[in-house]
Amino acid sequence: MIGIGLAIGFYGASLVWPPVTRVERIAQLFEDLCIQRAKGLRVNPLELGLRAENWRGPSYSDPASLSFINLTDRGCDISTIHPHALSESEAKALKPLVSALRDYHFPDLAFDPGAQMGSIHIGWAEGTVATPDRWGMFFFAYPDWGDSAGSVLIMGYPPGSQL
């Protein structure tokens, strides 16, 4: 009887709180980690369910979204790689979520028509290219590149942001 009650409870909860999709998880991580750090707020990646990795600099993996997160003093990026690269439909679903995050958190960032890489891309930036004053949000996905397929969602921190 208890098992039946638990099963019904879990089923009911899944209807009320549907599971978070991979795309939603990546967007949420980007907001909770990358954007918050861009605003100068300290965030502990381990509290977001990430696993510490021994790559370059502070790096993490997210088992829920099958993505990798790299943190530096100048930015944060979330990437996917083959065989766990975003599919075309996932990348197309992530693009408007990233746009909504830009609209909400950094509405003054200007659209960057030069932010083009891969078949799906969008970006907003301020500052001169290849200078320390350059910062912004960028999303590139290349699901059609076979064994080199992947994606990267980048938050370059504004100049003077301190962590």
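Colleague: Which strand does S4 pair with over 7 bridges, and in what sense?

Modeller: Strand S8 (residues 150-156) pairs with S4 over 7 bridges, in the antiparallel sense. Two strands count as paired if DSSP finds at least two bridges between them. Helices (H or I, at least four residues) and strands (E, at least two) are DSSP runs, numbered from the N terminus. Before we go on, this is a predicted model: local features need pLDDT of at least 70, side-chain atom pairs count only at pLDDT 80 or more, and totals for chains, interfaces and linings use all residues. Residues are numbered from 1 along each chain as its sequence is written, and side-chain values use heavy atoms, with hydrogens and water left out.

Colleague: Thanks. In S8, which residue is the bridge partner of Ile 78?

Modeller: Leu 153 is the bridge partner of Ile 78 there. S4 also pairs with strand S3 (residues 67-71), in the antiparallel sense over 4 bridges. A hairpin of 3 residues joins S3 to S4, and Leu 71 stands opposite Cys 76 in S4.

Colleague: Is S4 mostly covered or mostly open?

Modeller: Mostly covered: 6 of its 7 residues are buried. Buried means under 20% relative accessible area, exposed means over 50%, and partly exposed is in between (1.4 Å probe, protein chains only). Take Ser 79, found in strand S4: Ser 79 has a relative accessible area of 14%, so it is buried.

Colleague: What is Ser 79 in contact with, leaving aside neighbours within four places in sequence?

Modeller: Ser 67, Phe 68, Ser 151 and Val 152. Contact here means heavy atoms within 4.5 Å.

Colleague: Switching to cysteines, how many disulfides does a search of the whole structure find?

Modeller: The search finds 1 disulfide, a disulfide being a pair of cysteine sulfur atoms within 2.5 Å. Cys 34 is joined to Cys 76, with S to S at 2.0 Å. The link of Cys 34 and Cys 76 is left-handed, with -45° about the S-S bond.

Colleague: Which parts does the pair tie together?

Modeller: Cys 34 is in helix H2 (residues 22-38) and Cys 76 is in strand S4 (residues 75-81), so the pair links parts that are 42 residues apart in sequence. Cys 34 is buried, at a relative accessible area of 0%, and Cys 76 is buried too, at 2%.

Colleague: What about the core? Which residues have the most contacts inside the largest one?

Modeller: Phe 30, Ile 69, Met 137, Phe 139 and Met 155 have the most contacts inside the largest nonpolar core, which has 32 residues. H2, S3, S4, helix H3 (88-105), strand S6 (120-126), strand S7 (135-142) and S8 each supply at least two residues of this core. H2 gives the most, with 9 residues. A nonpolar core is a set of buried Ala, Val, Leu, Ile, Met, Phe, Trp, Tyr and Cys residues joined through side-chain atoms within 4.5 Å. In soluble globular proteins, nonpolar side chains tend to be buried together.

Colleague: And what does Phe 30 contact, leaving aside neighbours within four places in sequence?

Modeller: Its contacts are Ile 35, Ile 78, Leu 101, Met 137, Leu 153, Ile 154 and Met 155.

Colleague: New topic: how many aromatic pairs does a search of the whole structure find?

Modeller: The search finds 3 aromatic pairs. Rings of Phe, Tyr and Trp (its six-membered ring) pair if their centres lie within 6.5 Å; planes under 30 degrees apart count as stacked, over 60 as edge-to-face and the rest as tilted. Phe 106 and Trp 135 have ring centres 5.4 Å apart and planes at 75°, so that pair is edge-to-face. Phe 106 is in the loop between H3 and strand S5 (110-111) and Trp 135 is in strand S7, so the pair ties together parts 29 residues apart in sequence. Phe 138 and Phe 140 form a stacked pair, 6.4 Å centre to centre with 10° between the planes.

Colleague: Last one: where does pLDDT stay under 50?

Modeller: Over residues 5-15, for which the model has 1 contact beyond four places in sequence. pLDDT is the predictor's confidence in each residue, from 0 to 100. The chain's mean pLDDT is 88, and 88% of its residues reach 70 or more.
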